[in-house]
Amino acid sequence: MSDEYDFTSSSVEEEVVDAKVIISPNPSNGIYQLKMNLDRNANFGFEISDISGKTIFSQPQSMKVGSISEQINLSSFSNGTYILKIMLNNTNSIYKLIKQ
């Protein structure tokens, strides 16, 4: 007795970037520190939106590698919840920023 199997092979080559994201302090009075360490070249950018979805700040994507440290200043905005979207290559990650 023999078993027959059909195999379909596909290969997708994709650069996977490991990045640990630190946002501190959160909640804060409006000044945040965004820190990341990228293990390889990556297209990095971020934007901040208010709770209604209106973009209030945008940093265009550019190639980065290694340690990234960005200060986010929301001190001139009202207290509340803001959305931080980090764009890393073709992946978006969403974080909540709370301003008190």
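Me: Ok, predicted. What's the average pLDDT?
Reply: The protein averages 82, and 82% of the residues score at least 70.

Me: And which strands have the lowest and highest confidence?
Reply: Confidence is lowest in strand β1 (residues 19-24), with a mean of 85, and highest in strand β4 (residues 80-88), at 93.

Me: Where do Phe 46 and Phe 57 lie?
Reply: Phe 46 is in strand β2 (residues 31-50) and Phe 57 is in strand β3, so the pair ties together parts that are 11 residues apart in sequence.

Me: Is Phe 46 buried or exposed?
Reply: Phe 46 is buried, at a relative accessible area of 1%. Phe 57 counts as partly exposed because its relative accessibility is 40%, which falls between the 20% and 50% cut-offs.

Me: Which residues make up the ring cluster?
Reply: Phe 44, Phe 46 and Phe 57, linked by ring pairs.

Me: Switching to Gln 59. Where is it?
Reply: Gln 59 is in strand β3, which covers residues 55-73.

Me: Why does Gln 59 count as buried?
Reply: Because its relative accessible area is 15%, and buried means under 20%.

Me: What is Gln 59 in contact with?
Reply: Leaving aside neighbours within four places in sequence, Gln 59 is in contact with Phe 44, Gly 45, Phe 46, Glu 70 and Met 87. Two of those names, Phe 44 and Phe 46, also belong to the ring cluster.

Me: How far apart are the C-alpha atoms of Gln 59 and Phe 44?
Reply: They are separated by 8.9 Å, and the two residues are 15 residues apart along the chain.

Me: Last bit, the whole protein. What share of the residues is buried?
Reply: Of the 100 residues, 28% count as buried. The accessible surface comes to about 7000 Å², and 46% of that belongs to carbon and sulfur atoms.

Me: And what share of the contacts is between residues 24 or more positions apart?
Reply: Such residues account for 54% of the contacts with a separation of 6 or more.

Key:
Residues numbered from 1 in each chain as written. Predicted model: local features only at pLDDT ≥ 70, side-chain atom pairs only at ≥ 80, totals over all residues. Heavy atoms only, no water. Helix = DSSP H or I, 4+ residues; strand = E, 2+ residues; numbered from the N terminus. Buried < 20%, exposed > 50% of the residue type's maximum accessible area, 1.4 Å probe, protein only. Contact = heavy atoms within 4.5 Å. pLDDT = per-residue confidence, 0-100. Areas by Shrake-Rupley, 256 points an atom, 1.4 Å probe, with all protein chains shown as cover. Phe/Tyr/Trp six-rings, centres within 6.5 Å; stacked < 30°, edge-to-face > 60°.
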